[in-house]
Amino acid sequence: MNFQDHKSALLEIKNICLILSDEIYAKPLNILTGRSIGQHIRHIIEFYHCLLSQANKSVVNYDLRKRDGKRMGFSHGKQQGEEMLALLEMLERAIKNEHK
């Protein structure tokens, strides 16, 4: 697992959340098949939650992810992105410690 790539992706989510207004964040866009940027960010974060919650297993089953049907405001998306970064860093340290 390349942790730096995942960290970069989550930092991008955080930065997007910082620059977009709530209106743009929640606006359905034709280019996103009628979904909003916020919905896509929520979907990405759900997958990271699933990955990190099953990190101790040999196979990750994304069908088991918890789906949050609620709309996520941009401040919530930023907070979730920060939490995922922290969890990813913890996982990276744990893996490095196992290999010592």
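Student: Which residues does Leu85 touch, not counting residues up to four places away in sequence?

Tutor: A contact means heavy atoms within 4.5 Å. By that rule, Leu85 touches Lys7, Leu10 and Leu11. Please note that this is a predicted model, in which local features need pLDDT of at least 70, side-chain atom pairs count only at pLDDT 80 or more, and totals for chains, interfaces and linings use all residues. Residues are numbered from 1 along each chain as its sequence is written, and side-chain values use heavy atoms, with hydrogens and water left out.

Student: How far apart are Leu85 and Leu11 in sequence and in space?

Tutor: They are 74 residues apart in sequence, and their C-alpha atoms are 7.8 Å apart in space.

Student: Is Leu85 buried or exposed?

Tutor: Buried means under 20% relative accessible area, exposed over 50%, and partly exposed in between, with a 1.4 Å probe and protein chains only. Leu85 counts as buried because its relative accessibility is 10%. Of the 100 residues of the protein, 28% count as buried.

Student: In which helix does Leu85 lie?

Tutor: Helices (H or I, at least four residues) and strands (E, at least two) are DSSP runs, numbered from the N terminus. Leu85 lies in helix H4, residues 74-98. The protein has four helices and zero strands, in the order α-α-α-α from the N terminus on.

Student: What share of contacts between residues at least 6 apart in sequence join residues at least 24 apart?

Tutor: In this protein, the share is 62%.
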